[in-house]
Amino acid sequence: MNPRKLLFSVAAAFALLATACGGTTSSNTTGNESGTLTVWLMNGSAPQSVVDGVNADFKAKHPNVTVNVEIQQWSDVTTKLDTAFAGSTPPDVMELGNTLVAKYAAAGALQDISSKKGGFQNSGTWLQSLTDSCTYQGKLYCIPYYAGSRAIIYRTDMFAAVGATPPTSIDELATVGQKLMGKYGSDPNFSALYFPGKYWYAAAPFVWDFGGDIATQSGSKWQGAINSAQSQQGLTVLRNLVANLSRADKTGDELKQDQAFAQGHIAMIVANGWEVGVITDPKSGDPTLKDKLDAFPIPSHNAGQTAPVFLGGSDLAIAAKSKQQALAQEWVGLLGGTKAQSQMVTVGGVIPNTTSLVSLSSGLPAKFAAAAKVSRFTPNSPNWANVESANVLQDMLVSIFTGKSTIPAATSAANDKITNILNS
Amino acid sequence: MGVAGDARASVVSRRHMEAGSWRLVLAGRLLPYALIGPALLVIIGVLGYPLGTLLWLSTQHYGLRELLQHQGVFVGLKNFQAFSIDPQFRYVVQVSVIFTIVNVGLSMFFGTCIALLLERVSRPVRVLLSAGLVLVWATPSIPAINLWQWMFDYEFGVINWLLTHLGAGNYIHHNWFENPIQGFAVITVIVVWGAIPFLALMLYAGLTQVPRELVEAAEIDGARPWQVFAMVTIPILRPVFLVLFSLSTIWDFGVFNQVWVLLNQRPNKDYFLISVYSFQESFRVSQYGLGSAAAVVMVAILVVVTFFYVRQTVRLTTEAI
């Protein structure tokens, strides 16, 4: 190699190196950046086709940026997030369950994007409850991604066999359940209403419906309310329903309920809209159930009304330590924007992040969207995630359903813990 | 060589010392340290550093915010104080201790029985039995626990089906984890099942070293099999027993996977062994200081318990020398 050629190739190598480095530090969006954008999405959140569409649109604008979408599991996500945020290179974008945002925002893990809010599509019509979950001390730390709420999925063929219609009050629910138990109950695996013992988010509507609550805030202090007379009344009604209608594992959780439902021995489950897809999945479920499923909102004890449900959902946040702020915002904007959100409704069957697109849903998803009209949220405190992680409410339900504790004893023990953790 | 010779020799050696360079002496004294130096460094790096960090963390308030900033708040012994008034922590320690005693006892008992069996059976049976033991030992722990979980499943478990069909009662939809005593019994089965192979094979190896003539002599003197076992075999195997006891204690006190995987990573508080408690406080509630303090308590208890074993082992080795 002659000296000139050598010099040339060294210069070329340097130039390459310089552009590579430049890509990670520049924050303009002119399309010359290179580098990698790491995104953590949760298992089961967006259909692959939606993510692929967002990546294609992103790639068209930034051909040199590689987007790595990694799917995380809900069961151990807090451990992984803690570890990632403690390191120097957390993922740039992450989906966070709406009950987790406050914890990470308060710890300083998330980028404050208040000033960028106007730049996101539909930010004026975002779902209020999700926007609230993204807001901590008046600042915006994430954008709403999608919402989900629970309703009761039921087998239309079984209901027809006992001549039942979707119940419109808790009493009716109990009556329909008894009829179903009468017809199918000799099958030892049959449950009219399959209700695993740790299923807190299906139990909460009963507490709220009778005027109870998890905790209330006055000033900066939280006070547990799960042992109030109203909360206890709701839990008593639920305990009786579970005792009469459910043969689910009283200490189990809801993770396996869709597979169990697909086995055909269950008439009703409390479930999210997307779980219909799991039940009818050709691999893990039973596709022949597709025409035998329908849904109705969890009824209130006041006939004709529906019980308030927990509005679950996810938000999209950007790590404060991310070196790709502008790119991350752009990617988040695409997934939270009109195009991807429309697909989330039509393909994914979820409730979109903006009220302007809710009308796109039809069929079963529309029934879930309707059930979400009366919705509630968990205490918006950075410590709420710790109440969830410590299984306080799950343990309380298990001891109530198994009869290990009375309702007053179980609720007052849980109440002390909730008050304690929320104020710590 | 008489007394005079001894005196001469010591004079010579003293002279030699005086004459020899002090550097040589120094080298002679330092050489052993230099030789163990690298190993020591590795041990300090691999064991000492994490242990030191753990101790330091246990004196900190170290939540998520502190984790992100890599900067804790020193609180002295507050984390430990919190334990002393927490009834749940007392329960956790009690359960862990009882669990360890039961599991070590059962594992050692069955391990010894199988080792004695191995010694007595014919060769083909011994090969089959050892192969079975090695297979159990070779199964990775998480898949093994998952298999057990399926077997004890509430809805579809084969154990419930089998017990019902064998006429042991109605076990359809029997929940093994509703009652913590039953639940811990299941966990004990899994832990003991996993512990037996190592113990049995080690003890069998030890048994083959018991001199045949000692046993024969005892038998000729009229000792019954039980007496031979108690008076001849056990004393000879004592060093092996001591090591296995201390290892089992350490393992069983630290049992985590069995509880965590079996109960779908959300064990309720009845099932909190000290390791589960420490993990829950650290990684679930993000109170790393409190979690570390629990781990320190765990290490302290283990040190106290294993001190006895270690002292015995050291005594035995010095006796042997």
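**View 1. Confidence across the predicted model.** The model has an ipTM of 0.75 and a pTM of 0.80. For chain A the mean pLDDT is 88, and 92% of the residues score at least 70. Within chain A, helix H1 (residues 3–25) has the lowest confidence, with a mean of 43, whereas H9(A) has the highest, at 97. The pLDDT is below 50 over residues 1–29 of chain A, a stretch with 15 contacts in the model beyond near neighbours in sequence. Chain B has a mean pLDDT of 88, with 93% of its residues at 70 or more. In chain B the pLDDT is below 50 over residues 1–5, and this stretch has one contact in the model beyond near neighbours in sequence.

**View 2. The two domains of chain A.** Each domain of chain A is assigned as two segments: domain 1 covers 33–148 + 312–371, and domain 2 covers 152–308 + 390–423. The centres of the two domains, taken over C-alpha atoms, are 29 Å apart. Where they touch, 12 residues of domain 1 of chain A are in contact with 10 residues of domain 2 of chain A. Helix H14 (residues 363–371) of chain A gives six residues to the domain 1 side, the largest share. That side is made up of six nonpolar, five polar and one charged residues.

**View 3. Helices H7 and H9 of chain A.** Helix H7 (residues 170–184) and helix H9 (residues 229–245) of chain A pack with their axes 10 Å apart, at an angle of about 10°. Because angles under 35 degrees count as roughly parallel, H7(A) is described as roughly parallel to H9(A). From H7(A), the contact uses Ile170(A), Ala174(A), Gly177(A), Gln178(A) and Met181(A). Facing them in H9(A) are Val237(A), Leu241(A), Asn244(A) and Leu245(A). The residues of this contact comprise six nonpolar, three polar and no charged ones. H9(A) is also the element of chain A with the highest confidence, at 97.

**View 4. The side of chain A that touches chain B.** The contact between the chains takes 30 residues from chain A and 20 residues from chain B. On the chain A side, the elements that give two or more residues are helix H3 (77–86), helix H15 (384–389) and helix H16 (392–401). The largest share, five residues, comes from H3(A). By class, this side of chain A has nine nonpolar, 12 polar and nine charged residues.

**View 5. The two domains of chain B.** The domain assignment places residues 3–57 of chain B in domain 1 and residues 78–320 in domain 2. The C-alpha centres of these two domains of chain B lie 41 Å apart.

**View 6. Helices H10 and H11 of chain B.** Helix H10 (residues 212–220) and helix H11 (residues 225–253) of chain B have axes 10 Å apart and pack at an angle of about 140°. H10(B) and H11(B) are therefore oblique to each other. Their crossing is right-handed. H10(B) contributes Leu214(B), Val215(B), Ala218(B) and Glu219(B) to the contact, and H11(B) contributes Val228(B), Met231(B) and Val232(B). Among the residues of this contact there are six nonpolar, no polar and one charged.

Key
Residues numbered from 1 in each chain as written. Chains lettered and ligands numbered in written order. Predicted model: local features only at pLDDT ≥ 70, side-chain atom pairs only at ≥ 80, totals over all residues. Axes fitted to C-alpha atoms, helices over the stretch in contact; angles between N-to-C directions. Helix = DSSP H or I, 4+ residues; strand = E, 2+ residues; numbered from the N terminus. Parallel < 35°, antiparallel > 145°, perpendicular 65-115°, else oblique. Left-handed = near helix turned anticlockwise from the far one by under 90°. Contact = placed C-beta atoms within 7 Å. Nonpolar A, V, L, I, M, F, W, Y, C, P; charged D, E, K, R; others polar. Domains from an automatic or database assignment. pLDDT = per-residue confidence, 0-100.
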